[in-house]
Amino acid sequence: MSQSILFVCLGNICRSPAAEAVTRAFAQGRGVRVDSAGTSGWHIGEPPYGAMQAAARARGYDMSTLRARQFSTRDFGRFDMIVVMDDENRAEVEALRPAGDGTTVVLFTNFADVAGPFAGADHVPDPYYTRDFDGTLDLIEDCARGLIARL
Ligand code: 4NP
C-alpha cells in the first residue's frame, strides 16, 4: 500500500529531518513517500543543523540535500499521516487543520517499542537544546522501526 508521511517539529533542522531520513532509509523499496516541515519559519531554506547531520551521517543517513520549510494548512491534503515530535507541534498543526479534514496527526513516540528503552516516551526531546544528538537518533530509529512495521 502506498503511504505518505510528513514529520513535523519546530525548526525543521533537527528532529523532523532526522526522522525523515531514517524513515526513508527503513522504508526503502516500500513505496512510502516521506517529507518534513517545521511549525516555525525560522530556518526556511536552510540545510539540517550541522551536529544533527554529523550524527546521522555517522550512522549512514545522508541529510545534506534536505532543506527546511514551514508547515502549512495545505499539507493536510498532501499526506496520509502527519507525525509530530511533541505536544506543542501537535497544537500548532491542529490549529491549521481545515474544517472537516480527517488526516491522522500522531506523536512519533506512539510508535516506540513497548519492550524497548523508550517505552512510554511522550515526546522527542529537542537536541538543539539537549545537545544529545545520538540519543535523539536512538529514539528516532526506535520509533521509525515501529512506524514502518504498522504501515
Ligand atoms: P527542531 O529543533 O525543532 O528539532 O528542528 C530546533 C531547531 C532550532 C530552533 C528550535 C528548535 N531554534 O530556536 O532556532
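Student: What lies 3.2 Å from an oxygen atom of the ligand?
Tutor: A polar side-chain atom of Tyr 129. The protein buries 92% of the 360 Å² that the ligand exposes when taken alone. Those areas come from the Shrake-Rupley method with a 1.4 Å probe; for residues, only the protein chains shown count as cover.

Student: Before we go on, what am I looking at?
Tutor: This is a predicted model: local features need pLDDT of at least 70, side-chain atom pairs count only at pLDDT 80 or more, and totals for chains, interfaces and linings use all residues. Residues are numbered from 1 along each chain as its sequence is written, and side-chain values use heavy atoms, with hydrogens and water left out.

Student: How far is Asp 126 from an oxygen atom of the ligand? And Arg 15?
Tutor: A polar side-chain atom of Asp 126 is 3.0 Å from a ligand oxygen. For Arg 15, a side-chain N or O atom sits 2.8 Å from an oxygen atom of the ligand.

Student: Which residues surround the ligand?
Tutor: Cys 9, Leu 10, Gly 11, Asn 12, Ile 13, Cys 14, Arg 15, Trp 42, His 43, Asp 126, Tyr 128 and Tyr 129. Each has a heavy atom within 4 Å of the ligand.

Student: How do they divide into nonpolar, polar and charged?
Tutor: Seven nonpolar, three polar and two charged. Here Ala, Val, Leu, Ile, Met, Phe, Trp, Tyr, Cys and Pro count as nonpolar, Asp, Glu, Lys and Arg as charged, and the others, Gly among them, as polar.

Student: New topic. Where does Thr 103 lie?
Tutor: In the loop between helix H3 (87-94) and strand E4 (104-107). Helices (H or I, at least four residues) and strands (E, at least two) are DSSP runs, numbered from the N terminus.

Student: Why does Thr 103 count as buried?
Tutor: Because its relative accessibility is 11%. Buried means under 20% relative accessible area, exposed over 50%, partly exposed in between (1.4 Å probe, protein chains only).

Student: What does Thr 103 touch?
Tutor: Phe 76, Phe 79, Asp 80, Met 81, Ile 82 and Arg 97, not counting residues up to four places away in sequence. Contact means heavy atoms within 4.5 Å. Phe 79 is 24 residues from Thr 103 in sequence, yet their C-alpha atoms are 7.7 Å apart.

Student: Met 81 is in E3, residues 81-84. Which residues there are buried?
Tutor: Met 81 and Val 83 on one side, Ile 82 and Val 84 on the other. Both faces are covered.

Student: What does Met 81 stand opposite in E4?
Tutor: Thr 104. E3 and E4 run parallel, joined by four bridges. Strands pair if DSSP finds at least two bridges between them. E1 (residues 3-9) also pairs with E3 in the parallel sense, over four bridges, and Ile 5 stands opposite Met 81.

Notes. Polar contact = N/O pair within 3.5 Å; in protein donor to acceptor, adjacent residues only side chain to side chain.
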